[in-house]
Amino acid sequence: MTRPNPDIRWLFEPRSIAVIGASHDADKIGHKMLQNIITSGYPGRIYPINPKGGEILNHQVFKEIGAVPGEIDLVVTVVPGKYVFDAVRAAAAKEAKFNLIISSGFSEVGNSEEERRIVSFARENGMRILGPNIFGLYSAKAPVDITFGPGGIVPGQVAIITQSGALGLAMIGKTAAEHIGISAMVSVGNKADLNEADLIDYLVKDENTRSILMYVEGVRDGARMIETLKKATALKPVVVIKSGRSQRGAAAAASHTGSLAGSDEVFAAVMRQAGVLRAESIKEGFNLCRFLSRTGIPNGPNAVIVTNGGGIGVLATDACEKHGVALLDDLQRLQEVFGPVTPGFGSTKNPIDLTGGATDREYEGALAAALENDAIHVVIALYCETAMFDVDKLSPLISSTHERYEKAGKPVIFSAFGGGSIDDNIARLAEEQIPVFDDVYEAVACVGGLYKHYRHRITPPLPAEEIEMDRPAIDEIVRGARADGRTFLLADEAQKLMRIVGVPMPQSKVAHNLEEAVAIAEEIHYPVVMKVVSRDILHKSDAGGVALDLEDRNEVIDAYQAIMRNARAAVPTARITGIEVAEMIQKGLELIVGARQDPGFGPIVMFGLGGIYVEVLKDISFRAVPLNRAEILSMMAEIRAYPLLRGVRGEDPKDIDKVVDAILRIASVIRQVETITDIEINPLVAYEQGQGARAVDARILLAKV
Ligand code: COA
């Protein structure tokens with residue numbers, strides 16, 4: 001009988017740890033890990049395992065894991081790759097719950113088969129694997145440092161999950177040097193079994209963790225990751241740093257959506273959708289996390305800048321605008337609150353400028369007044385070194401103010417700028433884990449992050465929406481294309497499918513001869529367009545297979561003959577099914593709507609300005625599916641050209657509701673019909689409000705079987 005999955009708690013709070021490969025040699029990783037476990041004050045049972053037996057660091061060594069007397073929650077495997085499977089088998093026989101495989105030499109160097117063999121064996125035997133190819137794990141809760149890092153981790157409230165090993169190890173030293181308090185630090189390496197989502201499930205519930213920082217290189221099981229992150233960000237801020245921003249994935253994809261959906265754009269959009277904050281650098285990530293782990297959520301949107309320097313006050317004001325931080329602008333109230341504590345030359349218009357003549361008492365008074373007032377929700381306290389302010393009083397003042405604000409649950413951030421004595425003050429406060437920034441922009445960026453998180457938290461999540469569709473009819477179209485050996489739908493099949501799901505398409509029919517073409521054109525009414533229908537001609541315009549704006553019978557006859565001639569000349573072997581005669585679509589705003597199965601995140605949708613400029617302007621936005629109308633609208637509002645939909649310079653607004661509706665329908669297809677990998681409507685023409693939107697052309701690709 002297989003054992004059930006162990007509770008993730010025992011990964012972070014193990015009661016006993018065995019180190020397979022604990023070495024007698026002080027220079028080896030297996031020795032250093034044992035040493036860190038011991039010196040980090042781990043209170044549980046420690047079992048070094050090494051066939052040589054003896055003693056290491058005053059701990060009795062067991063020659064094999066089977067000889068250990070008690071239960072084992074966590075095993076650390078530090079033996080060369082070729083011995084890992086046997087070590088895992090022995091650990092599973094001992095019914096260990098978790099196994100941290102430090103060893104390298106698996107999928108990261110192409111040895112995926114051995115990695116899969118290890119993981120499937122472990123899973124069948126109820127043991128979960130972290131790694132392989134990791135530096136280990138630190139948990140403040142246990143407490144235990146099961147890494148081969150430099151030690152000295154400062155316990156605190158930031159949890160770090162990192163995919164990069166070396167960078168993660170360096171983060172241990174860096175966070176310690178900067179006094180960033182850590183609740184947990186986990187290396188996920190190859191993510192062969194456990195991944196970020198499993199860890200976040202625990203960290204979200206862990207009361208020690210107040211913010212989560214992830215360093216991500218690639219995503220596995222994106223759909224689950226999104227779900228987990230959505231749940232996490234409803235409770236705690238999550239910050240992500242992702243490398244590989246410049247890589248454009250899926251470059252050779254067969255659709256615009258594919259080539260435009262560079263992996264980074266999709267990643268960024270999905271993270272935003274899940275309420276995750278994105279940091280551009282490790283420094284920014286650290287800044288955000290250390291601030292967010294020491295502050296609560298504001299009670300409202302209004303920030304106030306208190307400064308003793310006019311210049312940095314203006315810099316901070318600019319930064320507030322950039323980072324979406326609203327400054328309280330109720331001048332009367334500001335005067336009431338700050339008038340009594342602001343010197344005559346100062347200003348009570350936000351920023352509150354106490355001027356360079358302000359003493360520490362006046363500065364403290366202004367911060368106390370801001371704390372008292374309920375209309376002020378966040379305070380940005382800026383300090384410039386002056387002779388009027390006794391610099392020795394700075395760190396006690398910041399420390400006590402920070403404490404009072406923390407008790408009152410009102411966020412405050414400090415920035416101090418000046419010479420060496422200011423840096424000393426900043427360093428002293430860092431030891432108390434009070435973040436003070438020497439750069440105003442960095443401080444305001446953190447408040448911006450707090451507000452992004454705040455807005456996400458106060459926006460109630462709406463359920464996902466999906467439309468129902470006639471599946472048998474869709475499956476029949478797909479089956480027909482498959483039977484024909486195709487991985488795409490012909491234009492008429494794609495149109496039929498779009499009509500089934502309710503995306504408005506122009507009237508059209510396929511003519512098989514000249515007489516039929518004329519009859520269809522007369523039925524539809526002029527003007528019409530004509531397009532060749534052939535499985536062998538994908539780029540119809542390039543092959544001279546398209547004629548537009550045909551006004552009468554004679555033009556239709558000429559176009560029919562020209563298209564046939566051109567198509568045969570362009571692709572002599574082409575099998576031509578016929579010529580499609582369609583209603584000529586009136587001019588409107590050309591948009592593009594796409595949907596595809598993303599290799600990382602599963603179904604996604606794309607929206608942008610369409611037509612011929614889409615590839616150049618790349619004015620597009622993405623969302624993961626499932627989603628709802630509100631999310632579709634926010635995706636649409638992200639593109640630069642969105643004002644065109646709202647109507648500019650006296651134009652009437654476009655029929656935004658109908659565009660939202662079309663996107664929801666496309667999103668529903670990509671989620672429900674797994675055999676369809678790509679859908680692209682380019683253009684979707686939007687008309688004025690009440691006039692709807694029309695899909696001019698639809699391309700649909702199928703999964704290869
Ligand atoms: N059970 C228990 N102990 C075993 C064992 C087994 N089946 N097989 C070997 N050992 C012992 C060895 O006797 C040795 O102990 P000793 O020094 O006292 O003799 C110890 O385990 C280590 O084995 P060794 O062969 O010396 O390996 P190593 O220390 O040179 O390398 C790894 C082992 C795991 C560190 C190495 O293979 C590796 O993968 N390094 C990369 C790790 C890494 O960078 N990970 C990613 C970080 S981000």
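The model is predicted, so local features need pLDDT of at least 70 and side-chain atom pairs count only at pLDDT 80 or more, while totals for chains, interfaces and linings use all residues. Residues are numbered from 1 along each chain as its sequence is written, and side-chain values use heavy atoms, with hydrogens and water left out.

**Ligand site**

- There are 21 residues around the ligand, and S23, K28, K52, I102 and S104 come nearest; a residue is near if one of its heavy atoms lies within 4 Å of the molecule.
- The shell around the ligand consists of 11 nonpolar, eight polar and two charged residues. Here Ala, Val, Leu, Ile, Met, Phe, Trp, Tyr, Cys and Pro count as nonpolar, Asp, Glu, Lys and Arg as charged, and the others, Gly among them, as polar.
- A polar backbone atom of H24 is 3.0 Å from an oxygen atom of the ligand. A polar contact is a pair of N or O atoms within 3.5 Å; within protein, one must be able to donate a hydrogen and the other to accept it, and residues adjacent in sequence count only if both atoms are side-chain atoms.
- In the side chain of K28, an N or O atom lies 2.6 Å from an oxygen atom of the ligand.
- For K52, the distance from a polar side-chain atom to an oxygen atom of the ligand is 2.4 Å.
- The ligand taken alone exposes 970 Å², of which the protein buries 73%. Accessible areas come from the Shrake-Rupley method with a 1.4 Å probe; for residues, only the protein chains shown count as cover.

**S164**

- S164 sits in the loop between strand 10 (155-162) and helix 5 (165-177). Helices (H or I, at least four residues) and strands (E, at least two) are DSSP runs, numbered from the N terminus.
- S164 counts as buried because its relative accessibility is 14%; buried means under 20% relative accessible area, exposed over 50%, and partly exposed in between (1.4 Å probe, protein chains only).
- A polar atom of the S164 side chain is 3.2 Å from the backbone nitrogen of L167.
- Neighbours within four places in sequence aside, S164 contacts F135, Y215 and E217, where contact means heavy atoms within 4.5 Å.

**Q273**

- Q273 belongs to helix 9 (residues 263-273) and, at 9% relative accessibility, is buried.
- Beyond its neighbours within four places in sequence, Q273 has contacts that include K230, H456, R623 and E631.

**I297**

- I297 lies in the loop between helix 10 (282-292) and strand 15 (303-307) and is partly exposed, at a relative accessible area of 27%.
- Apart from neighbours within four places in sequence, I297 touches G409, P411, H453, Y454 and R457.
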